[in-house]
Protein chains: 2
Amino acid sequence: MSADYRKMWESLGVDLEAHDRLMGVLPPTYGNVYLSQENRPAGMEYFDFVISEVHGQRIVELQEHKAGGGKVVGAFCVFVPEEVVRAAGGICVGLCSGVEIGRTQAEKVLPRSICPLIKSFMGFKLSRVCPYFESCDMVVGETTCDGKKKAFEILNDYIPVHVMEIPQMRRDKDFALWRSEVRDFALAMEELTGNKITPESLLRSIKEVNGKRRALLRLSELRKNSPAPISGKDSLLIEQIAMYDDVERFTAQVNELCEELETRVKEGSGVQKPGDMRIIVSGTPMAVPNWKVPHIIETSGAVIVAEELCTGLRYFENTVAEDGGSLEQMIDAIARRYLEINCACFSPNRQRMERIVQLARDYRADGVIHVSLAFCDPYLIEANRVEKTLKENGIPVLTLETDYGQEDTGQLKTRIEAFLEMLGCGKKR
Amino acid sequence: MSADYRKMWESLGVDLEAHDRLMGVLPPTYGNVYLSQENRPAGMEYFDFVISEVHGQRIVELQEHKAGGGKVVGAFCVFVPEEVVRAAGGICVGLCSGVEIGRTQAEKVLPRSICPLIKSFMGFKLSRVCPYFESCDMVVGETTCDGKKKAFEILNDYIPVHVMEIPQMRRDKDFALWRSEVRDFALAMEELTGNKITPESLLRSIKEVNGKRRALLRLSELRKNSPAPISGKDSLLIEQIAMYDDVERFTAQVNELCEELETRVKEGSGVQKPGDMRIIVSGTPMAVPNWKVPHIIETSGAVIVAEELCTGLRYFENTVAEDGGSLEQMIDAIARRYLEINCACFSPNRQRMERIVQLARDYRADGVIHVSLAFCDPYLIEANRVEKTLKENGIPVLTLETDYGQEDTGQLKTRIEAFLEMLGCGKKR
């Protein structure tokens with residue numbers, strides 16, 4: 001990357017030496033996991049470019065936005081309504097990270113046995129390696145899990161954190177609480193940016209973000225076809241990039257890719273080889289560059305056809321109603337859309353169970369692989385419910401627990417291969 | 001224990017063989033930890049008796065209550081309002097457990113790396129070793145942590161669970177949600193017991209439970225004296241027994257003990273030896289028979305003067321207003337009292353920080369030992385805030401993480417002794 005970027009990173013307070021080490025790891029990993037794939041759609045070129053410029057071009061754009069008086073808001077969860085940030089003239093970027101970094105620093109303020117995603121974001125902040133983090137004027141936390149909820153209190157020592165309370169059930173009273181949180185968030189965004197949110201600006205941002213979600217859903221729908229026209233790894237990458245790329249450009253690129261994939265579908269071509277199992281991956285979010293399990297799955301005789309993940313369907317399967325109306329009506333519509341997210345924070349969570357069964361049918365999946373991050377109580381424990389529900393519905397399921405290390409790669413591969421083989425035998429019978 | 005008890009346990013479905021093994025462990029532990037103490041108050045005799053009859057006499061009482069058509073409700077948290085259970089004619093018993101049991105069974109439905117308290121209650125249920133659990137007509141869960149919240153969904157496969165949603169902040173809108181949860185809980189208790197809760201029955205139960213809390217607070221206040229008139233271990237035991245003993249008898253016994261301790265205070269006698277450090281223990285609840293850390297502390301040159309725990313001050317430091325009025329007014333008063341509990345589920349939790357500082361001053365503590373159970377994200381992460389606050393206030397603090405095993409006893413003792421020695425040096429200077 002260019003010398004100009006180094007200057008920019010330095011001005012952001014990034015620790016250049018540590019950053020060099022991080023950047024040295026990413027390209028080989030990416031080449032190995034992504035560029036080695038056969039028959040990739042040409043439209044992936046844009047997303048390859050985005051990754052090659054992961055701390056470059058997009059950071060320049062954020063800095064330009066800030067130079068013009070704009071604000072940048074970081075988020076760690078798909079519950080943070082990007083529509084509201086944008087309606088106040090802000091840019092919302094996802095800060096979740098899928099790589100172990102700054103562990104020593106993170107463990108000074110956090111317990112050692114904690115979810116790797118949380119340790120990672122704290123490590124990124126404390127070791128100053130993430131130019132996205134360093135570009136943020138505020139981060140928005142939420143209460144989807146104990147680990148994040150309590151870690152945000154500590155993070156607030158280093159950067160202002162606004163925390164949204166996510167209810168733990170989905171009844172009318174929970175909706176009332178959540179709706180009020182969305183309203184308060186709008187006020188917080190107005191205060192941060194100095195811009196009033198108007199019915200016009202909010203409706204525009206609702207439509208923009210809906211556009212992004214619809215493009216992702218269009219991509220997802222195409223994967224119902226057999227052969228699947230695109231790999232799960234490429235789809236996951238696009239879903240990850242959705243969290244921080246420019247909304248309009250990203251939407252256009254995804255739609256362009258979909259046109260190419262539609263041609264593939266018409267021609268009956270794709271990435272799924274004969275005999276490949278069709279798998280749905282479900283569980284905890286997979287942040288860049290956490291492609292470990294999808295890579296193992298797709299190099300073991302399977303294609304992933306859907307991600308029941310926050311970096312996946314949970315992010316885009318629902319849109320906000322575009323009826324417009326008053327600001328309050330739109331806040332209502334936003335609150336409703338977000339409370340439909342099938343997060344394991346809800347108890348009980350039958351809606352997620354039903355959704356996974358439905359997805360397995362709609363995407364003609366041969367099986368579901370449930371992947372939880374270590375120490376992630378919500379998804380790790382809910383895996384028991386997922387397993388129970390899928391078995392009751394005759395859908396094969398494999399549950400895995402993993403972290404950001406590579407030590408368990410061999411073991412994971414053995415278990416995944418055995419599962420896929422079992423699925424293959426079941427199909428032949 | 002008598003043969004009649006065995007028959008009773010059998011009729012409850014208890015696995016007698018596994019139960020024998022459990023009961024074989026308890027008396028030697030108890031003898032070693034409790035009966036070895038010097039200069040114990042005579043009033044401890046009752047509580048020793050209660051423990052010697054832990055699965056005997058009290059279970060007989062519960063069975064008699066049930067034989068008369070009464071219901072027994074189990075709880076895992078000090079947020080469950082005992083007043084409401086009693087007002088509907090039910091008996092509320094605490095089911096938290098401080099011993100590793102039924103691990104193999106528990107790990108079939110739960111992740112291996114999970115809070116030992118949660119694994120323990122699931123283990124007790126699945127291996128059918130706890131006559132309290134087996135006496136329950138319903139258990140009441142809550143959403144204070146991810147682990148319990150999600151485990152209750154699984155527990156509900158084996159026994160009906162009513163879950164109360166605890167908000168994660170303490171603003172007006174959170175109170176509104178919580179108040180509604182208390183109201184719904186009252187309806188659930190009416191449905192379970194078939195008894196109407198009346199203003200009279202609710203006021204009576206408020207006064208009864210307040211009586212218990214006041215007796216415990218009276219005991220606690222006496223420990224502000226130097227020398228402390230009673231050990232922390234004995235106090236903890238009483239606080240643990242508070243969760244399941246008969247309310248009126250227990251209250252009378254605690255008050256009787258307090259009279260004895262008042263005499264001790266007047267005479268200037270007690271259990272604290274010259275040079276003993278005065279310690280406040282803070283953190284996660286310690287359920288019977290989890291006396292490990294208090295035992296180490298009190299055999300290393302210190303006396304514990306207060307427990308900032310759920311099995312401690314959090315359980316009794318506040319009472320419900322006794323103004324009476326309508327049912328709705330009393331529900332309001334109950335909801336207000338319970339939302340003041342300084343649980344780490346709240347974010348941020350400045351109120352708990354301020355409280356610990358205040359306690360250290362009021363109880364003339366030389367230091368605070370913060371003890372978290374392994375994998376307990378709320379308390380483990382909040383330990384960082386406790387440490388920060390106490391240090392800012394010049395109060396020495398030691399933070400520990402442990403589980404229900406005995407493997408770390410030596411290591412804990414070394415760290416605790418070093419901390420106490422450091423406190424002693426500070427005092428001499």
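How far is the sulfur of Cys92(A) from the closest cysteine sulfur? Select Cys92(A) and Cys136(A): the two sulfurs sit 8.6 Å apart, too far for a bond. A disulfide here means a pair of cysteine sulfur atoms within 2.5 Å, and the structure holds zero of them over all chains.

Before moving on, some housekeeping. This is a predicted model, so local features need pLDDT of at least 70 and side-chain atom pairs count only at pLDDT 80 or more, while totals for chains, interfaces and linings use all residues. Residues are numbered from 1 along each chain as its sequence is written, chains are lettered from A and ligands numbered from 1 in the order in which they are written, and side-chain values use heavy atoms, with hydrogens and water left out.

Stay on Cys92(A) for a moment: its relative accessible area is 9%, so it is buried. (Buried is under 20% relative accessible area, exposed is over 50%, and partly exposed lies in between, using a 1.4 Å probe and protein chains only.) Now jump to Cys425(B), which is partly exposed at 40%.

Next, colour by chain. Chain B superposes on chain A by a rotation of 180 degrees with 0.0 Å of shift along the axis, RMSD 0.0 Å. The two copies are thus related as by a two-fold rotation axis. To find that axis from chain B, pick Asp146(B), whose C-alpha is the nearest to it in that chain, at 3.1 Å.

Now show the interface. With contact meaning heavy atoms within 4.5 Å, 45 residues of chain B touch 45 residues of chain A. The copies meet through the same surface, because 100% of the interface residues of chain B are also interface residues in chain A. The two chains bury about 3,700 Å² between them, 48% of it on carbon and sulfur atoms; that is accessible area (1.4 Å probe) lost on being put together, summed over both. In chain B, highlight Lys150(B), Gln168(B) and Ile381(B): they lose the most area to chain A, together 18% of what that side buries.

Last stop: select residues 16–35 of chain B, helix α2, which has 20 residues and reaches 27 Å from its first C-alpha to its last. Its buried residues include Leu22(B), Leu26(B) and Tyr30(B). At its start, a side-chain oxygen of Asp15(B) comes to within 3.2 Å of the backbone nitrogen of Glu17(B). (Helices are DSSP runs of H or I, at least four residues, numbered from the N terminus.)

How values were computed. Copies are superposed by least squares on the C-alpha atoms of residues with pLDDT of at least 70 in both. Helices (H or I, at least four residues) and strands (E, at least two) are DSSP runs, numbered from the N terminus. The expected span of a helix is 1.5 Å times one less than its number of residues. A polar contact is a pair of N or O atoms within 3.5 Å; within protein, one must be able to donate a hydrogen and the other to accept it, and residues adjacent in sequence count only if both atoms are side-chain atoms.
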